[in-house]
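Reader: I would like to go through this structure and ask what the labels rest on. Please set each value against its rule.

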Amino acid sequence: MAALKVRVVSPERTVFDGEAAAIVAPMWDGQVGILPGHAPMLALMGAGELSVDRPGGGSDTFHVAGGVLKVERNVVTLLTEYAGDEPAPEGSFEPVEFAEN
């Protein structure tokens, strides 16, 4: 079975760099699930829990806030404003706001 190559990078460090069977990430307008074979995609991230399911079982969970997610040929790259084991400190992340027409 194919696996995803996932890399989660914050300004301070690379938080995760490895294989995954699936991920669920917070986007600015909800959550997105990514499986192997996913169509190419570029999306704005929101704040919340990022779940990385390992190919052999088990999962890793991180808190992320802001940034972008890119999917291309089973490679998922998340460039985040914040990533860690605890939620982002209060006031350290401002969600994207879009103007209404």
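Reader: Which residues does Thr 80 touch, not counting residues up to four places away in sequence?

Author: Thr 80 touches Val 8, Val 9, Ser 10, Pro 11, Met 45, Val 64, Ala 65, Gly 66 and Gly 67. Contact here means heavy atoms within 4.5 Å. A word on the basis: this is a predicted model, in which local features need pLDDT of at least 70 and side-chain atom pairs count only at pLDDT 80 or more, while totals for chains, interfaces and linings use all residues. Residues are numbered from 1 along each chain as its sequence is written, and side-chain values use heavy atoms, with hydrogens and water left out.

Reader: Where is Thr 80 placed?

Author: Thr 80 sits in strand S8, residues 75–84. Strands are DSSP runs of E with at least two residues, numbered from the N terminus.

Reader: Why is Thr 80 called buried?

Author: Buried means under 20% relative accessible area, exposed means over 50%, and partly exposed is in between (1.4 Å probe, protein chains only). Thr 80 has a relative accessible area of 5%, so Thr 80 is buried.

Reader: What does the side chain of Thr 80 reach?

Author: The side chain of Thr 80 reaches the backbone oxygen of Tyr 82 at 3.2 Å.

Reader: What makes Lys 5 and Asp 17 a salt bridge?

Author: A salt bridge is a side-chain nitrogen of Lys or Arg within 4 Å of a carboxyl oxygen of Asp or Glu. For Lys 5 and Asp 17 the closest N and O atoms are 2.3 Å apart, so the pair is a salt bridge. The pair links distant parts of the chain, with Lys 5 in strand S1 (residues 4–9) and Asp 17 in strand S2 (residues 14–20), 12 residues apart.

Reader: How do you know that Asp 17 and Arg 7 form one too?

Author: Their N to O distance is 3.8 Å, so it falls within 4 Å and the pair is a salt bridge. Asp 17 lies in strand S2 and Arg 7 in strand S1, so this pair ties together parts that are 10 residues apart in sequence. Lys 5, Arg 7 and Asp 17 are linked in a network of salt bridges.

Reader: Why are Lys 5 and Asp 17 called partly exposed?

Author: Lys 5 has a relative accessible area of 37%, so Lys 5 is partly exposed. At 45%, Asp 17 counts as partly exposed as well.

Reader: How many salt bridges does the rule give?

Author: The count comes to 4 salt bridges. Among them is Glu 72 with Lys 70, at 3.5 Å from N to O.

Notes:
Helices (H or I, at least four residues) and strands (E, at least two) are DSSP runs, numbered from the N terminus. A polar contact is a pair of N or O atoms within 3.5 Å; within protein, one must be able to donate a hydrogen and the other to accept it, and residues adjacent in sequence count only if both atoms are side-chain atoms.
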